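Dear colleague,

Please find the structure below.

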Amino acid sequence: MSLRTTVRRPLTASAARAVPRFTTRGRRRGWLGLAYASPAILAYGFVVIVPLFQSLNYSFYKWNGVTTAKWVGIDNYVTFFTDPELAASLAHVLVLIAFFAVLPIIFGLVSAGLLGRGRVKGQGVYRWLLFLPQVLTSVVVAVIWKRIYGPDGPLNLALNAVGLGGLAKNWLGDFDWALPALGLIGTWTALGFCMVLFVSGVTAIPNELYEQARMDGAGPIAEFFAVTLPGLRGQLAIALTLTVTGALRAFDLVWITTQGGPGTSTTTPALLLYQKAFLNPDVGMAAAIGIVLAIFCLIIALIVNRITEEKDA
């Protein structure tokens with residue numbers, strides 16, 4: 001048996017140029033780039049990272065913000081999952097997710113299917129009307145809908161006008177209807193965002209895919225599920241992440257319209273966080289609620305991204 005020796009040949013000039021070298025100039029450029037980014041990094045750390053760790057520290061104490069804080073360990077986190085009021089607020093969030101995320105995404109996909117691939121008469125007005133809530137502040141949206149839902153508001157006046165006055169009620173003051181009425185505000189607010197996101201995604205799908213689907217005999221509905229829906233996977237991930245986390249963090253619409261009432265029928269974790277931090281001071285519990293909400297939002301984002309990556313693979 002013969003032994004083969006490997007002769008290591010010197011690199012050619014072109015190969016030598018292809019080998020990356022950490023020269024003094026390259027290191028200098030790296031430090032220069034870090035210097036340019038340092039103000040933003042410092043600002044982010046001061047505004048986000050430092051308060052995050054500060055809140056994590058507060059969450060292990062019983063403290064009203066004035067007197068001496070008392071160490072309670074994980075009791076605040078145990079309370080979060082055992083307190084009936086907090087448990088009810090989590091159940092309300094599940095309902096709001098259906099209105100803030102599921103319905104806007106479904107209607108946004110329908111809008112993308114109707115508007116994305118062709119010219120529809122009046123589609124400019126349709127897009128403008130649906131996107132209008134995105135240019136309004138949440139305070140303005142809440143005030144408008146609070147007036148619409150009022151006892152003498154346009155909704156009850158319309159019901160009386162068509163002979164359905166028996167259905168008229170103070171929608172935001174009704175124990176059974178306050179939460180769904182609040183959810184519909186979120187649907188109206190998020191629908192325009194989802195529609196614009198999906199319509200822009202449809203325009204980026206190659207026409208060849210639609211032509212191939214038509215050649216295979218696909219109709220409009222089959223074409224939507226075979227081409228449009230898979231092509232919007234990235235936009236779906238963005239919409240799902242933002243709308244679900246928006247439902248988890250719902251505060252401004254709730255506070256301005258119902259303040260958690262009637263009773264506790266529309267409370268949310270974010271609303272309870274505000275109440276415990278400023279109205280009935282329990283800073284440790286408020287910090288624990290904020291940390292749990294942040295973890296929930298992070299988990300949702302990671303799950304959605306993981307599912308998207310697995311489907312793309």
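The notes below describe what was found, beginning with the confidence of the model.

The structure is a predicted model. Its chain has a mean pLDDT of 86, and 88% of the residues reach 70 or more. Residues 1-7 have a pLDDT below 50, and this stretch has zero contacts in the model beyond near neighbours in sequence.

Helix H10 covers residues 220-231, and its buried residues are Glu223, Phe224, Val227 and Thr228. Viewed down the axis of H10, these buried residues fall within an arc of 120°, so they line one face of the helix. An α-helix has 3.6 residues a turn, so residues three or four places apart point the same way. What do the buried residues of H10 pack against? Their partners are helix H4 (84-115), helix H8 (178-203) and helix H9 (207-215). On the other side of H10, Ile221, Phe225 and Ala226 are exposed.

Threonine 243 belongs to helix H11, which spans residues 233-248. Is threonine 243 buried or exposed? With a relative accessible area of 6%, threonine 243 is buried, because buried means under 20%. Its side chain reaches two backbone oxygens: that of alanine 239 at 2.6 Å and that of leucine 240 at 3.4 Å. Leaving aside residues up to four places away in sequence, threonine 243 touches Phe100, Ala101, Ile105, Ala190 and Cys194.

The aromatic rings deserve a separate paragraph. The count comes to 13 aromatic pairs. One of them joins tyrosine 61 and tryptophan 71 in an edge-to-face arrangement, with 5.3 Å centre to centre and 85° between the planes. This pair links distant parts of the chain, since tyrosine 61 is in strand E1 (residues 61-62) and tryptophan 71 is in strand E2 (residues 70-71), 10 residues apart. Tyrosine 61 is partly exposed at 25% relative accessibility, whereas tryptophan 71 is exposed at 53%. Phenylalanine 251 and tyrosine 274 form a tilted pair, with 5.2 Å centre to centre and 50° between the planes. Here phenylalanine 251 lies in the loop between H11 and helix H12 (252-257), and tyrosine 274 lies in helix H13 (residues 269-279), 23 residues apart. Ring pairs also link Phe60, Tyr61, Trp71 and Tyr77 into a cluster.

Finally, there is a charge placed over a ring: the charged end of lysine 169 sits over the ring of tryptophan 171, 4.6 Å from its centre.

With kind regards

Conventions. Residues are numbered from 1 along each chain as its sequence is written. This is a predicted model: local features need pLDDT of at least 70, side-chain atom pairs count only at pLDDT 80 or more; totals for chains, interfaces and linings use all residues. Side-chain values use heavy atoms; hydrogens and water are left out. Buried means under 20% relative accessible area, exposed over 50%, partly exposed in between (1.4 Å probe, protein chains only). Helices (H or I, at least four residues) and strands (E, at least two) are DSSP runs, numbered from the N terminus. The arc is that of the directions from the helix axis to the C-beta atoms. Contact means heavy atoms within 4.5 Å. A polar contact is a pair of N or O atoms within 3.5 Å; within protein, one must be able to donate a hydrogen and the other to accept it, and residues adjacent in sequence count only if both atoms are side-chain atoms. pLDDT is the predictor's confidence in each residue, from 0 to 100. Rings of Phe, Tyr and Trp (its six-membered ring) pair if their centres lie within 6.5 Å; planes under 30 degrees apart count as stacked, over 60 as edge-to-face and the rest as tilted. A charge sits over a ring if NZ of Lys or CZ of Arg is within 6 Å of the ring centre and within 35 degrees of the ring normal.
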